[in-house]
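This briefing concerns the nonpolar core and the charged side-chain pairs of one structure. Please consult the sequence and the model shown here alongside the points that follow.

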Amino acid sequence: MPSFNQSIFHPTVFFLTGIPGFEIYHAWVFIPFCCLYVIAISGNGMILFVIITESSLHEPMYYFLSMLSFMDLGLCLSTLVTMMGIFWFNVREISFDACIGQMFFIHGFTLMESSVLLAMAFDRYIAICNPLRYATILTNSTIIKVGFAIVVRVTTVVVPLLLLLKRLSFCGSHVLHHSYCFHPDVMKLSCTDTKINSAFGLAIVISTAALDSVLILLSYVPIINSVLSIASPEERKKAFGTCVSHISAVAIFYIPMISLSLVHRFGKHAPPLVHTLIANVYLLIPPVMNPIIYSVKTKQIQKAMVKVALSKII
């Protein structure tokens with residue numbers, strides 16, 4: 001294996017990492033990853049397609065679900081090329097500018113997904129706690145404004161974060177711990193002061209993903225109270241069933257994200273394999289699981305998918 005040394009390589013070139021200790025098996029190791037990518041891309045693509053084509057799904061809940069699927073698709077596609085390059089062609093080099101571009105999409109889609117999950121929590125809150133005003137509050141124009149606000153919110157925090165990263169110098173190791181560019185991973189390789197970058201990155205996490213998760217939890221306090229106050233057991237079960245998919249999506253999104261953040265901040269001495277595995281779980285599990293959860297738990301999505309499948313066969 002070559003020595004990744006500044007005297008040999010240009011300082012603005014980074015080297016991505018596959019699975020430490022399994023380099024000679026990378027072509028085989030990528031087969032399960034490839035399967036996960038296929039499931040994620042086809043599943044989210046199908047969700048988007050049925051929501052767009054089926055007029056019965058043109059409701060606020062499914063509009064937000066289509067946003068979630070779009071974010072998951074973007075997250076998968078933003079890393080697919082580098083993952084394939086590493087595992088199949090042993091192409092590990094990535095320029096600093098390309099790395100910045102990949103980080104923009106990875107962090108952008110991740111924070112957008114957090115915002116969409118919060119919007120979906122608001123949707124469930126209105127549907128259960130104030131159903132008579134649901135149609136007047138969540139109009140098409142309101143949903144468009146929410147989508148626009150999400151894009152603006154994420155752009156205004158991600159762009160400065162990456163501009164601060166561009167001012168740093170990299171004069172030591174250029175080997176990243178992941179198969180894609182991740183801001184904390186790249187920042188650690190800098191030989192200049194990164195206190196501002198670290199503080200700004202922490203502020204972004206607190207003001208976006210952390211705040212969103214707290215608001216989602218708080219939204220479920222009145223939701224659960226409203227569900228428990230329903231007299232009919234069947235109606236209570238039906239009302240709670242509409243929240244199960246969202247709760248599952250929140251769990252599979254935030255648990256890997258929190259785990260990866262903790263490893264980067266406190267797992268400096270953890271084996272490289274731990275960093276890599278958690279990073280890949282964070283990247284692939286939500287896009288893979290969200291379509292499965294919503295297609296299994298949501299009857300309207302099931303019916304739409306069956307209808308589309310039958311129309312293709314016939």
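A salt bridge is a side-chain nitrogen of Lys or Arg within 4 Å of a carboxyl oxygen of Asp or Glu. By this rule the count comes to four. The model is predicted, so local features need pLDDT of at least 70 and side-chain atom pairs count only at pLDDT 80 or more, whereas totals for chains, interfaces and linings use all residues. Residues are numbered from 1 along each chain as its sequence is written, and side-chain values use heavy atoms, with hydrogens and water left out.

**Salt bridges**
- Arg-124 and Asp-123 pair through their side chains at 2.8 Å, N to O.
- Arg-124, at 9% relative accessibility, is buried, and Asp-123 is buried at 2% (buried: under 20% relative accessible area; exposed: over 50%; partly exposed: in between; 1.4 Å probe, protein chains only).
- Lys-307 and Glu-54 form a salt bridge at 3.2 Å, N to O.
- Lys-307 belongs to helix 10 (residues 299-313) and Glu-54 to the loop between helix 1 (26-53) and helix 2 (60-89), so this pair ties together parts 253 residues apart in sequence. Helices are DSSP runs (H or I, at least four residues), numbered from the N terminus.

**Nonpolar core**
- The largest nonpolar core has 84 residues, of which Phe-14, Leu-117 and Val-186 touch the most other members. Such a core is a set of buried Ala, Val, Leu, Ile, Met, Phe, Trp, Tyr and Cys residues joined through side-chain atoms within 4.5 Å.
- Leaving aside neighbours within four places in sequence, Val-186 has contacts (heavy atoms within 4.5 Å) that include Phe-14, Cys-99 and Leu-165.

Technical notes
Helices (H or I, at least four residues) and strands (E, at least two) are DSSP runs, numbered from the N terminus.
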